[in-house]
Amino acid sequence: MDKEKMEGLLSTFEEKQMLNAWANERVTDEDDMEHSIKVYIGEEAPIESMRDCSVVTASYQVGADHHGFIGVIGKLPDELVEYLRQMVPYLKEGDFEGAYQVIRETSTLPAVCGRVCPQETQCEAKCTLGIKFEPVGIGRLERFAADWHNARAAEEPDRPACAADGAEACPIGADAAGKPLSNGHKVAVVGSGPSGLTCAGDLARLGYKVSIFEALHTAGGVLVYGIPEFRLPKAIVAREVEGLKDLGVDIETNVIIGKTLTIDELFEDMGFEAVFIGSGAGLPSFMRIPGESLKGVYSANEYLTRSNLMKAFREK
């Protein structure tokens, strides 16, 4: 669908209803590890973003917030409103890389967050279109932009971590190899789950030398061991972890802090100036009901960890 036709869809209220009806009929989750970008094909992402713009430009601007931004309103932080106002126009114009760079400014794991964050109870829950129609798919749009970027990054394996079009990702500046310049400080991160990876990525872009210590044999924490493959493909997590390595982050697996190494050793022997502890919440909460300790009864934590560790998601 060309741009003129998409613009034409926004001319009248009846046509806006057609656009929203199209969104309601869309298949919202076609999870395929090899073709995850197909959740929104190239022409559908701009259409979905235009559902937001159609409300912004509508003549019946009832319920506008103090920003004059109508598509997603309610008790949202000003920063989130501004983020959406910046990201959506890029998608509308088909500038998917531009949308990705906006997402990247505030998210270390955009391809992951686009899949597992509960947008339906957060930003999408405040979308006024959701009163009668499907809310604007903020999560799916984030996912599309991240997958689009990663697909093209895979075609350019030598692309530097701080490329010219993503300079804001490394505020301290980059060296000739495209990695952030060092500020001379070292930080240890305990745990490679979402908080650990996010902390490491943010610090690395500010020039810190970061080392992640993970107890298990694969980095990712709950993203790898606690979320099923159909919900979050392992290949997506691996790609995000590789992105951190490209920034200069060291990741050491099979290291249990407190046994293999102690916090004191990190400070005194290895020269780290700060330690971020993101060890996770791996212990389950039991209901204390009869039968929960019987053979074959597992907590969700143990069940998911066993399933992922033993690769139960693979087809035989």
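Helix H12 gives the most to the lining of the largest pocket, with five residues. This is a predicted model, in which local features need pLDDT of at least 70 and side-chain atom pairs count only at pLDDT 80 or more, while totals for linings use all residues. Residues are numbered from 1 along each chain as its sequence is written, and side-chain values use heavy atoms, without hydrogens and water.

**The largest pocket**
- The largest pocket holds about 730 Å³ of space (a pocket is an open set of points on a 1 Å grid where a 1.4 Å probe fits, with protein on both sides within 12 Å along at least five of seven lines; lining residues have an atom within 4 Å of a point).
- Of its 30 lining residues, Gly221, Ser279, Gly280, Ala281 and Gly282 are the closest to the centre.
- Helices H8 (194-205), H9 (222-225) and H12 (300-309) each supply at least two lining residues; helices are DSSP runs of at least four residues, strands of at least two.

**Aromatic pairs**
- There are three aromatic pairs, meaning ring centres within 6.5 Å, with planes under 30 degrees apart counted as stacked, over 60 as edge-to-face and the rest as tilted.
- Phe96 and Phe144 pair edge-to-face, at 4.8 Å centre to centre and 85° between the planes.
- That pair joins helix H5 to helix H7, 48 residues apart.
- Phe96 and Phe144 are both buried (under 20% relative accessible area, with a 1.4 Å probe and protein chains only).
- Phe213 and Phe272 have ring centres 6.0 Å apart and planes at 85°, so this pair is edge-to-face too.

Technical notes:
Grid points are joined across faces, edges and corners, and a volume is the space filled by probe spheres set on the points. Buried means under 20% relative accessible area, exposed over 50%, partly exposed in between (1.4 Å probe, protein chains only).
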